[in-house]
Amino acid sequence: MKFCTMESRIVVFLLSSILLLGQSKPAVSQRDVVKQLLPGGSIPKEIRVKPAQRDSIVKKLQSARKSSDEELAQQGAFLLAALDEDYERNRDYLLHVMAGCNFPQIRNGCDDMTGFYLIYLWKHGHSEILALLIKTSIGSYNAAGSEGTSGFFAEVVEQSPDKFLEALSTLPVATQKKACGFAGSSGGGGLGAKGLALARKRLKEIDGELALRCLREIEQANRPDK
């Protein structure tokens, strides 16, 4: 009888040990996954995951996307879009968030990083983002975010003016003017002499009504009295 009791205790002990061993490695949370992919909250040059880990990471990001924490939800949506998981839905969510910066009392969880998430998607092959970003960002009340996006637009005008004009061509004239002025201000500091000279040269080379209209707005934004 004593032997049976001792044997039972050993079995219970072994089972408890197995359970503890199984729990010794804490589960990776959705927030942990986001932190790993966005170290320090910054965006790496490339967002990649190992094929063997992709399914589990995507599931964590989908949970993050549904979070009531607006920052975590936005980060989840961005990472899913960057990984081409339900791309359009997650892109549209980011645009919805971006539109929240167009109110004095910022809404939708829009923050300094929202524009940079969309810029990353554009730089990684999603050309439609540029027109959508122009449309949703030029009325921003977020100073830091606005500086980042206007600086990006200035960079595109200098380096790829044809792409900037192509995006503008889908928008109303009033929005085109505002966007070119926004790009010309480059975060409030203007393009600077070198940037303005380059933008002027390239837009004049393209010529056409849209290019010259945009140039006028850029030059206006860079007037010394501005």
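These legends describe close-up views of a predicted model. Residues are numbered from 1 along each chain as its sequence is written, and side-chain values use heavy atoms, with hydrogens and water left out. In this predicted model, local features need pLDDT of at least 70 and side-chain atom pairs count only at pLDDT 80 or more, while totals for chains, interfaces and linings use all residues.

**View 1. The protein chain has 12 helices and 0 strands.** Helices (H or I, at least four residues) and strands (E, at least two) are DSSP runs, numbered from the N terminus. Along the sequence the pattern reads α-α-α-α-α-α-α-α-α-α-α-α. The chain has 226 residues, and 42% of them count as buried. Buried means under 20% relative accessible area, exposed over 50%, and partly exposed in between (1.4 Å probe, protein chains only). Take the contacts between residues at least 6 apart in sequence: 65% join residues at least 24 apart. Contact means heavy atoms within 4.5 Å.

**View 2. The largest nonpolar core holds 62 residues.** A nonpolar core is a set of buried Ala, Val, Leu, Ile, Met, Phe, Trp, Tyr and Cys residues joined through side-chain atoms within 4.5 Å. Leu61, Phe78, Leu121, Ile134, Phe153, Phe164 and Leu168 touch the most other members. Helix α4 (residues 70-82) gives the most to this core, with 8 residues. Leaving aside neighbours within four places in sequence, Leu61 is in contact with Val33, Val34, Leu37, Gly76, Leu79, Leu80 and Leu83.

**View 3. Helix α5 (87-99) has buried residues covered by other helices.** Tyr87, Asn90, Arg91, Tyr93, Leu94, Leu95, Val97 and Met98 are buried. Their cover includes α3 (51-65), α4, α6, α7 and α8. At 1.5 Å a residue, the 13 residues of α5 should span 18 Å, and its end C-alpha atoms are 18 Å apart, which agrees. The expected span of a helix is 1.5 Å times one less than its number of residues.

**View 4. Asp84 and Asn108 sit in loops.** Asp84 has a positive phi of about 60° although it is not a glycine. Its loop runs between α4 and α5. Asn108, also not a glycine, has a positive phi of about 65°. Asn108 is partly exposed, with a relative accessible area of 26%.

**View 5. The largest pocket has a volume of about 160 Å³.** On a 1 Å grid over the protein atoms alone, a pocket is an open set of points where a 1.4 Å probe fits, with protein on both sides within 12 Å along at least five of seven lines; lining residues have an atom within 4 Å of a point. Trp122, Ser127, Leu130, Ala131, Lys163, Glu166, Ala167 and Thr170 line this pocket. The lining divides into 4 nonpolar, 2 polar and 2 charged residues. Helices α7 (129-137) and α9 each supply at least two lining residues. The most come from α9, with 3 residues.

**View 6. Helix α12 (residues 209-221) packs against other helices.** Leu210, Ala211, Arg213, Cys214, Leu215 and Ile218 are its buried residues. They pack against α8 (143-159), α9 (161-168), α10 (173-185) and α11 (192-206). The 13 residues of α12 should span 18 Å at 1.5 Å a residue; the end C-alpha atoms are 19 Å apart, which agrees.

**View 7. Ala193 lies in helix α11.** At 67% relative accessibility, Ala193 counts as exposed. Ala193 and Asn222 are 29 residues apart along the chain, and their C-alpha atoms are separated by 9.1 Å.

Conventions:
Grid points are joined across faces, edges and corners, and a volume is the space filled by probe spheres set on the points. Ala, Val, Leu, Ile, Met, Phe, Trp, Tyr, Cys and Pro count as nonpolar, Asp, Glu, Lys and Arg as charged, and the others, Gly among them, as polar.
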